[in-house]
Structure formats: C-alpha cells, structure tokens
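User: Please take a close look at one helix and its packing against its neighbours, with the cut-offs behind each term.

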Amino acid sequence: MEKQSHFLIIVCFSLFICFPTIATETGPARGLTKLFVFGDSYVDTGNRNFSARSWNQPYGLTFPGRPEGRYSDGRVFSDYIASWMGIRSPIPYRWRKMENASIEYGMNFAFGGTGVFKTLVSAPNMTVQIDLFQKQLQKTLYSKADINSSIALVSMAGNDYTAYLARNGTTEGLSAFTKAMIKQLGLNLQRIESLGVRKIVVMNLQPLGCLPSETISYLYKNCSTSGNSLSLVHNQVLEKTVEKLNNKSKESVFVILDMYRAFLSAMKKEGHQPGTMKFKDQLMPCCEAVTTGYKCGNVEGGKKMYVVCNNSNSKFFWDDVHPSQAGWRAVYLALKSSAYSYI
C-alpha cells in the first residue's frame, strides 16, 4: 500500500468541519453542491428502521445528544464530506417526505449493515440503493446540472465479508469471493456514472484487523494480521478495478479514498500535531458490551448490557466496529494532511 499508482487519487480536504449544518466560509467546494451517498453504517445518517441499535441510547451521545440513526456517538464520515463541500449533510432517503425536508443538498441512500451483495440484515444492498437513486432522478427531483455538480460517496464491502464468513465461507474461497464482489461493485460504480454523476468517491477497506471486534481477542493490544491482510488484498483488487474504469471513462471519474492508511495514521497521532488529539487505548471502544452476545446499545429486561467510557473524545472507536465522532474527525484530518490531489 506504500506505492500509489498514478490514477489513485487520495482526496485532499480543507478544514471545514465540526458542524454539518454550517457551510464553509468560501462556499461549496469547486462548485460541488450535491452529495449522494451509497453504502453502510460508516456513512448512514438515519436510514435504518427503529429496530437498529443506532436508534438506541447511547448512540448520538455527543451529537446531537440523542439517538438519530448514526452508528456513532456523533457525526460519521459522510457528515465530514458534506462539510468539506460546504453543504449540509444530505437528508436520509427514509426521511425525504417529512414536512420541511430539504433535498437541496442531495440524498443519503446508505443503510447500516448492508453491502454490495445481500448481507445479514434486511435492508437495501448497493444495487437497490442505486435503484432508489434512479427513481428520484426519474421524478426529476434533480436537474442534469444538479447531477453534474454532485459527488457520489460509496462505502461498501466490510459487511459482505462478515456475511461471507457467517455463512461458513472458507478461507480458500475468499480470493474468488473478493473478485466476484468487486466485479459487482465495479458494475455498480459504472451504473452511477451512467446516471450522470461525474465524480464518484470510493472508500477502500479500513484495517479490519484493528476493529475492536477483532482486537478484543488480543485484549485490545494488537491488531489481527489476518484481518488486515484481507483488507490489503481487497484494496489491491479494488485499485485495479478503478484503474480500468478510469481508463474506460478517460475522465478520472472514480476516486479512491485510502481509508486503510487514514485509519492507521489517525490512531497513531501523538496529539501534539496541529488539529489532532491523542487517543487513549486506540483499539478499545468507548461503548462496550458487558458480556459475550451483546453489543453497545443492547438492553435486556430494562438493564443496559453495555458500559460507556467517561470521555468518547478520548477514544478512536465508539463501539465494536465504528469510530467515534472524534475518530472520524481524525480520519478526515489524516486524509487531509496526507493528500496531494483534489477532486
């Protein structure tokens, strides 16, 4: 992952963060006025139904102070992308018909727990999410000019691997599964392009072996080598796929965000660097189940089956797989500080 091919653009962001509802001083970045989001819990801002744990306490503890469907104590990655663009976070698809709902800034079609293929949750996968997007375009809710000045953000694949292994997928079959899944992902990306979006930003896989769900086996002291190796293989195949897509489009429509290196960089910050803070016990989550079989947000018989740390800002991870708001901010800053190319 150290060597970057010429087509692999790591987006450089400006520091316009903290409040998704506040635009930047300079206005929309490079004339980009709409954000359309596809993916999973890393970018979902409230599409799952109320049975999802993202609607339970203590989610939303930091922002907005109550559960609002985000899988974190506060803002998630798509909020920071919107802030960089100088727009408010786009409305979740689920709430588009609510009174006073605004579609001015685009729309978020991401559903936590979903993937490229069908996963372990009953929610729209990437293909269906694009179907929902296409239906909005057919209703002429957005003009051609709107779409031409938009970005599509895509966060997919982590849940596909979880589902594969949960369905007794073998280690020997992982390589073939990765290729098949990224082939479908590539087709989905081309479909988004065919609908008129001229810049499609794809998040590669974070270091899966560093998620608390994996590091708990090492008492939160070390990452899983096998988990991180899976991420690296996935990202290499994704890189080749995106290269082919860009060669075909001849316009560098597709951009990869290197979440793998951004996560590692963010977790290792020492705190004395400008705009960063030092995380305590980087691999340990703030919200943790009290016993096996439960997760953050679970309640049984009126009893909370989780504990929450005193200061979520001191933790990179919020729960077993999701960064805290502070963690996402650090990832955003890591992308900003290490980037040399722009959308």
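Analyst: Helix α4 passes helix α5 in a right-handed crossing, a term used when the near helix is turned clockwise from the far one by less than a right angle; helices here are DSSP runs of H or I with at least four residues, numbered from the N terminus. This is a predicted model, in which local features need pLDDT of at least 70 and side-chain atom pairs count only at pLDDT 80 or more, while totals for chains, interfaces and linings use all residues. Residues are numbered from 1 along each chain as its sequence is written, and side-chain values use heavy atoms, with hydrogens and water left out.

The contact, meaning heavy atoms within 4.5 Å, is made by Asp160, Tyr161 and Tyr164 of α4 and by Leu174, Phe177, Thr178 and Met181 of α5. α4 (residues 158-166) and α5 (residues 174-194) pack at an angle of about 140 degrees, with their axes 11 Å apart, where axes are lines fitted to C-alpha atoms over the stretch in contact and angles run from 0 to 180 degrees between N-to-C directions. That angle makes α4 oblique to α5, since angles under 35 degrees count as roughly parallel, over 145 as roughly antiparallel, 65 to 115 as roughly perpendicular and the rest as oblique.

Within α4, Gly158, Asn159, Asp160, Tyr161, Ala163 and Tyr164 are buried, that is, under 20% relative accessible area with a 1.4 Å probe, protein chains only. The cover over these buried residues includes α5 and α7. After α4 comes Asn168, whose phi is positive, near 65 degrees.

Definitions and conventions. Helices (H or I, at least four residues) and strands (E, at least two) are DSSP runs, numbered from the N terminus. Buried means under 20% relative accessible area, exposed over 50%, partly exposed in between (1.4 Å probe, protein chains only).
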